[in-house]
Amino acid sequence: EGEGPYWLSEAETKNIDALYLKAGLDQLENKLSDAESGYRTILRLEGEQARAYVGLARVLDGQKKYEEAEKYLKKAVALDPNETGNRLRLVQYYLKQRDVTMAEKEILKGIKLNPQDIQLYIMKGNISRMQGRNEDAERAYLKAISIVPGLKQLCITMATFARTSSPALCP
């Protein structure tokens, strides 16, 4: 067997998909230092990769290395600011850290870049609702519904705001 990370053969070590798979499995098995090594190897071999930064951030979060985890999530977002999934991961990280202000700032940045992305409005609505700002939540949900009319789950959520649930928006 080779001497690369995880004792993979040299060919396997060069196969980035195999490295991602092994790092992910290590993470699932709570072998966090092995997973961290795997993601760092991917970054060393491939250069900046949002997917590797996100994986590394999850591992670091699991190791309670929160500041470092945040740094890598920010790098993932910076690599592709229009990629909503990574931005939402950063928002969820901020919410986990109870930093609603930063979470809302990230959502607003995302909406500015992707004004038609309903995921951002749904998250904005969820954050507003958690904060007891039901009118803000309602506006965010209505915006998402206006982009993609008839979203059943959002219509159900809007029904909790009975005074404004609009049958025209939710057939």
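Arg87 touches Val77, Pro81, Glu106, Lys109, Gly110, Leu113 and Leu120, leaving out residues up to four places away in sequence; contact here means heavy atoms within 4.5 Å. Arg87 belongs to helix H6. Helices (H or I, at least four residues) and strands (E, at least two) are DSSP runs, numbered from the N terminus. With a relative accessible area of 3%, Arg87 is buried, where buried means under 20% relative accessible area, exposed over 50%, and partly exposed in between (1.4 Å probe, protein chains only).

This is a predicted model, in which local features need pLDDT of at least 70 and side-chain atom pairs count only at pLDDT 80 or more, while totals for chains, interfaces and linings use all residues. Residues are numbered from 1 along each chain as its sequence is written, and side-chain values use heavy atoms, with hydrogens and water left out.

Thr84 also lies in helix H6. Its relative accessibility is 6%, so Thr84 counts as buried. Apart from neighbours within four places in sequence, Thr84 is in contact with Asn114, Asp117, Gln119 and Leu120.

Next comes the packing of helix H6 against helix H5. Two packed helices are described by the angle between their axes and the distance between the axes. Helix H5 covers residues 66-79 and helix H6 covers residues 84-96; they pack at an angle of about 155 degrees, with their axes 8 Å apart. Axes are lines fitted to C-alpha atoms, for helices over the stretch in contact, and angles run from 0 to 180 degrees between N-to-C directions. H5 and H6 are therefore roughly antiparallel to each other; angles under 35 degrees count as roughly parallel, over 145 as roughly antiparallel, 65 to 115 as roughly perpendicular and the rest as oblique. The crossing of H5 and H6 is left-handed, a term used if the near helix is turned anticlockwise from the far one by less than a right angle, with right-handed used if clockwise.

On the H5 side of this contact are Tyr66, Glu67, Ala69, Glu70, Leu73, Lys74, Ala76 and Val77, and they meet Asn86, Arg87, Arg89, Leu90, Tyr93 and Tyr94 in H6. Sorted by class, the contact of H5 with H6 has eight nonpolar, one polar and five charged residues. Ala, Val, Leu, Ile, Met, Phe, Trp, Tyr, Cys and Pro count as nonpolar, Asp, Glu, Lys and Arg as charged, and the others, Gly among them, as polar.

Charged side chains lead to salt bridges. A salt bridge is a side-chain nitrogen of Lys or Arg within 4 Å of a carboxyl oxygen of Asp or Glu, and by this rule the count comes to 12. One of them joins Lys74 and Glu70 (3.3 Å, N to O). Both residues lie in helix H5, four residues apart, about one turn of the helix. Lys74 is partly exposed, at 39% relative accessible area, whereas Glu70 is buried, at 19%.

Glu106 and Lys109, both in contact with Arg87, form a salt bridge with each other (3.2 Å, N to O). They are three residues apart in helix H7 (residues 100-113), so about one helical turn separates them. Glu106 is buried at 5% relative accessibility, and Lys109 is partly exposed at 45%. Elsewhere, salt bridges that share partners join Glu36, Arg40, Lys65 and Glu68 into one network.

A further salt bridge links the side chains of Glu29 and Lys31 (3.1 Å, N to O). Glu29 is partly exposed at 49% relative accessibility, and Lys31 is partly exposed at 39%.
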